Amino acid sequence: MPVDAAVAFAHAEVQAIAEDFGVDLLHIKGPALTESLRRPWPDDVTGTYRRSNDADVLVRPSHVRRFTAALNASGWRCLYDFADGSAFEHAATWARDDLSSVDVHRYFPGIEADPATAFDILWAAKESWQIAGIHCPVPDLTAQRLILLIHAARGRSRRDQADRERAWFSLDDDGRSDVDDLADRLGARVALRAGTGRLETVRGERTYPLWRYLTSGETSLPALWVARVRSAPTLRASARIGVRMLIPNRQRMTTQLGRAPSGREVVDAYRARFGLGVASLQRWARARLRRPL
Amino acid sequence: MTYRIPSRVAHYIVETDVDDDEGGGPPLQIFLRRVPGGENLILVGEAALIWLLAADGVADVVAEVAEAAGHPLEVVRSDVEEYVGSLVAQGLLEQAPDRGTVA
């Protein structure tokens with residue numbers, strides 16, 4: 001089956017499950033985008049057209065537990081839980097053998113408003129879009145542009161640049177104003193500014209360090225650690241993020257090894273992680289000290 | 001009698017070069033899946049054509065298939081009708097409501 005078909009069918013499958021279990025979700029990215037935002041783009045290396053390899057949905061936060069239970073009851077298995085995925089802990093990956101995997105988002109990185117409030121805002125303006133012939137709720141065009149832009153803000157590939165071009169640089173002033181207004185309502189101002197080359201206009205905002213890191217091309221663990229900790233909304237969140245980022249993830253190790261890691265392997269991973277953290281922290285600190293203020 | 005796609009049947013039509021004058025392009029392929037939890041199915045060539053015509057609400061699928069295949073009606077009628085019946089039995093097509101029916 002073509003990858004496009006497997007992705008489209010995954011959207012259709014989870015939509016049917018959501019309806020059967022009374023779950024509100026929005027289909028985002030990939031085939032859930034309107035045509036003008038969805039044109040395929042040539043891969044940097046192979047020149048072949050790149051497409052989505054998985055399906056993405058944003059679930060009403062209060063329905064997440066019900067939805068994941070429904071997926072489990074419907075033959076899906078969890079590959080990565082929320083805490084096992086990215087540093088944002090925003091999405092869990094679910095899979096089954098005959099379809100593409102599905103990333104279940106409980107919020108979208110860059111949207112800082114309370115997740116339930118943000119979902120309400122997006123849900124109130126939802127539209128219906130057929131994916132594989134199945135009616136699926138999707139964010140409206142302005143929200144699709146915003147989501148694409150704040151996602152592209154984290155990348156520097158030609159694909160990300162093409163997304164920015166389609167979702168922002170090709171817009172007239174009214175179109176940009178609509179995206180800006182929605183970003184303000186969703187608390188996504190900093191992320192949107194990062195995604196549209198205007199990050200320095202929001203210097204001093206709480207999440208500015210994180211988006212500066214994400215758009216800088218820097219890849220060092222300490223710099224990310226500092227950016228994530230400084231950008232957390234509360235001290236408690238800072239502490240939690242700071243600790244979690246230094247702890248090896250057992251689920252990810254299980255997937256990589258193809259089996260549960262042994263106790264020794266976990267201990268080694270802790271040692272390597274902390275070793276890497278200390279070494280790169282020293283390099284990062286030296287670089288910071290050499291940099292003129 | 002006309003047919004339509006049931007609301008819980010996902011479908012994906014593989015794009016082919018329909019302008020291929022030589023007729024040597026890949027055959028029409030349609031993937032189908034009853035959601036949630038159904039099997040992935042693939043229809044190829046004439047089977048895909050029959051499903052597509054019926055799903056599109058064509059009133060006389062037999063006549064359309066006969067014309068497309070270049071066969072007399074009598075030759076294809078029983079096979080096409082039987083196949084459409086099997087698609088309905090599998091839940092991959094359903095009978096459309098009579099246009100004269102008031103909802």
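This is a predicted model: local features need pLDDT of at least 70, side-chain atom pairs count only at pLDDT 80 or more; totals for chains, interfaces and linings use all residues.
H1(A) is followed by Gly22(A), for which phi is positive, near 65°.

Over all chains, the whole structure contains 18 salt bridges. In one of these, Arg33(B) and Glu13(A) are joined through their side chains at 2.9 Å, N to O. This pair crosses between chains, Arg33(B) lying in strand S3 (residues 29–34) of chain B and Glu13(A) in helix H1 of chain A. Arg33(B) has a relative accessible area of 0% and is therefore buried; Glu13(A), at 0% relative accessibility, is likewise counted as buried.

Both residues belong to a network of salt bridges that also includes Arg96(A) and Asp98(A). Between Asp98(A) and Arg96(A), the closest N and O atoms are 2.7 Å apart. Asp98(A) is partly exposed at 26% relative accessibility, whereas Arg96(A) is buried at 15%.

A further salt bridge connects Asp97(A) with Arg77(A), with 3.3 Å between the closest N and O atoms. Asp97(A) is exposed, at 71% relative accessibility, while Arg77(A) is partly exposed, with a relative accessible area of 41%.

Elsewhere in chain A, Asp172(A), Asp173(A), Asp174(A), Asp178(A) and Asp181(A) form a negative surface patch. Among them, Asp173(A) is located in helix H7 (residues 173–186) and is exposed, with 65% relative accessibility.

How values were computed
Residues are numbered from 1 along each chain as its sequence is written. Chains are lettered from A and ligands numbered from 1 in the order in which they are written. Side-chain values use heavy atoms; hydrogens and water are left out. Patches are made of residues with over 30% relative accessible area and no salt bridge: like charges are joined within 9 Å, nonpolar side chains (Val, Leu, Ile, Met, Phe, Trp, Tyr) within 5 Å. Accessible areas come from the Shrake-Rupley method with a 1.4 Å probe; for residues, only the protein chains shown count as cover. A salt bridge is a side-chain nitrogen of Lys or Arg within 4 Å of a carboxyl oxygen of Asp or Glu. Lys and Arg count as positive and Asp and Glu as negative; His and the chain ends are not counted. The place of a charge is taken as NZ of Lys, CZ of Arg, CG of Asp or CD of Glu. Helices (H or I, at least four residues) and strands (E, at least two) are DSSP runs, numbered from the N terminus. Buried means under 20% relative accessible area, exposed over 50%, partly exposed in between (1.4 Å probe, protein chains only).
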